[in-house]
Amino acid sequence: YQRRVREVIVLQCSPGNRIKAARLCATSSRRRPTNLLALPTPQTRRRLLGEGWYCSEFFLLLVGAAEVTFAAPAAIPGISRALSSSRVYDIQGHRGSRGATIESTLPAFAWGLIYGVKTLEFDNGVTKDGHVIVWHDESIDPTKCKDTKPAVANDPLFPYVGKYVANLTLAQIKTLDCGSQCLDGFPLQLTYPGTKISTLPELFQFLDCADPSHKVELNIESKVDAQFPNLTRTPEDFVKLQYALFKSSKYYGKITYQSFDWRTLILMKKMDPRIPLAALADSTTIYGTSNSTSTWLAGLRPDSFPGSTLGVQIAQAAHSIGADILSPAATDGSSGSLDPNIPGYKTFTTEAMVKEAHASGMLVKPWTVNRLNIVEQIYAWGVDGIITDYPEIVRRWAVLKGVTVAPEYDETKVLKCLKKYIQTV
């Protein structure tokens, strides 16, 4: 039940059959749903449930505990999450809430919670000494961070700005001020001067405080460079180190693992098939130069799949590696404009892509959607979530449209936790 969040599996049969039925339900979007609530008597409902399985767009807990048996969360990965939140539209705060606050920092995640995201989206890098940090870039970007002092006297790598994360230790990274500069493209960002880059365990610790019920979902990317592998740690390193932290966290059941480097998705699936996988794609990763096979898609070529369009082929390729979610760029990299109302605009996400993904049992959650007319366009196509730098704006749009959204977090409580856990140089 990882893949069809609008359907609930209601079963009364052996554990083995429950798992089999769940897989069938997860991969079949064409099976006609049955509304068991419309059946005439409890006896009829019990008999039909005993004979097989049903998918329904209703939460059939109303049928009664004596009449139905739900497969246990341990037996069907992701079902507990779906039962509690499938009607809540997945608005994801990109890098926390990049439009409003310095990206990838604890303040960004704090404001994402306050704004009422369903999911916090962010990236992980791995340091030279094997620490998993919350950071988007392969290197330390001078537009985002400033040096303060060397980690040790006469450190030959100082200054650290401009160096690659894979070549720096955590101690060196912890000297950086990554909260004082707002980006030119995001002039409304709040700054938090002196803020340090956090490790993944430090982010979990903050979230344990700010979200004690562990309701928010996490969409975590492995920042592996498949094209220039010497610039980051290996896919094996990422999966091993990230998974150990996922498994020990109270958010284990709330994590989706995403990557442009589909090798890491395949490795994570082998490590733990219970973790939902999101296949990232854009116009720069589907093929290499001169239409060569891309290094990003684990050796796959979209044109080797039978789809009638590139978008359909990408969905088929993602499905072939066992992805639960297709997460494409909303806009094509070659687009002549950034707005659908301006001539030259070109989408990367297409309606045909969405339909094919749904037909394969996958969800579709495009990124990074920062214009409401694009939100309107892809929502009309049926996308299952939207990753945005402005979750507060997209959430406001959703409320006005009557779309069910996640609740906002109490600002006072969240900022109290932020004050407790933020680290500054």
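Me: Which residues of helix α12 (residues 391-401) are buried, and what makes a residue count as buried?

Reply: In helix α12 the buried residues are P391, E392, V394, R395, W397 and A398. Buried means under 20% relative accessible area, exposed means over 50%, and partly exposed is what lies in between, with a 1.4 Å probe and protein chains only. This is a predicted model, in which local features need pLDDT of at least 70 and side-chain atom pairs count only at pLDDT 80 or more, while totals for chains, interfaces and linings use all residues. Residues are numbered from 1 along each chain as its sequence is written, and side-chain values use heavy atoms, with hydrogens and water left out.

Me: What covers the buried residues of α12, and what makes a run of residues a helix or a strand?

Reply: The cover includes β3 (90-94), α11 (372-380) and β11 (385-388), where cover rests on contact, that is, heavy atoms within 4.5 Å. Helices (H or I, at least four residues) and strands (E, at least two) are DSSP runs, numbered from the N terminus. For the protein as a whole, the secondary structure comes to 13 helices and 11 strands. Just after α12, G402 takes a positive phi of about 80°.

Me: Why is the pair of Y89 and Y379 called edge-to-face?

Reply: Rings of Phe, Tyr and Trp (its six-membered ring) pair if their centres lie within 6.5 Å, and planes under 30 degrees apart count as stacked, over 60 as edge-to-face and the rest as tilted. By this rule the count comes to nine aromatic pairs. The ring centres of Y89 and Y379 are 5.3 Å apart and the planes stand at 75°, so this pair is edge-to-face.

Me: What class of burial do Y89 and Y379 have?

Reply: Y89 has 8% relative accessibility and therefore counts as buried, whereas Y379, with a relative accessible area of 31%, is partly exposed.

Me: What makes the aromatic pair of W111 and Y115 tilted?

Reply: The W111 and Y115 rings lie 5.8 Å centre to centre with 40° between the planes, and the pair is tilted. W111, at 12% relative accessibility, counts as buried, and Y115 is buried too, with a relative accessible area of 19%.

Me: Why is the charged end of K144 said to sit over the ring of W135?

Reply: A charge sits over a ring if NZ of Lys or CZ of Arg is within 6 Å of the ring centre and within 35 degrees of the ring normal. The charged end of K144 sits over W135 at 5.9 Å from the ring centre, and that of K247 sits over the ring of Y252 at 4.6 Å from its centre.

Me: Why is T101 called buried, and which residues is T101 in contact with?

Reply: T101, which lies in the loop between β3 and α4 (106-114), has a relative accessible area of 0% and is therefore buried. Leaving aside neighbours within four places in sequence, T101 is in contact with P107, A108, W111, Q189, L190 and Y192.

Me: Why is F186 called buried?

Reply: F186, in the loop between α5 (170-173) and α6 (200-210), has a relative accessible area of 11% and therefore is buried. Apart from neighbours within four places in sequence, F186 is in contact with R98, G99, D389 and Y390.

Me: Why does S259 count as buried?

Reply: S259, in strand β7 (residues 255-259), has 0% relative accessibility and so counts as buried. Leaving aside neighbours within four places in sequence, the contacts of S259 include E221, S222, T264 and L265.
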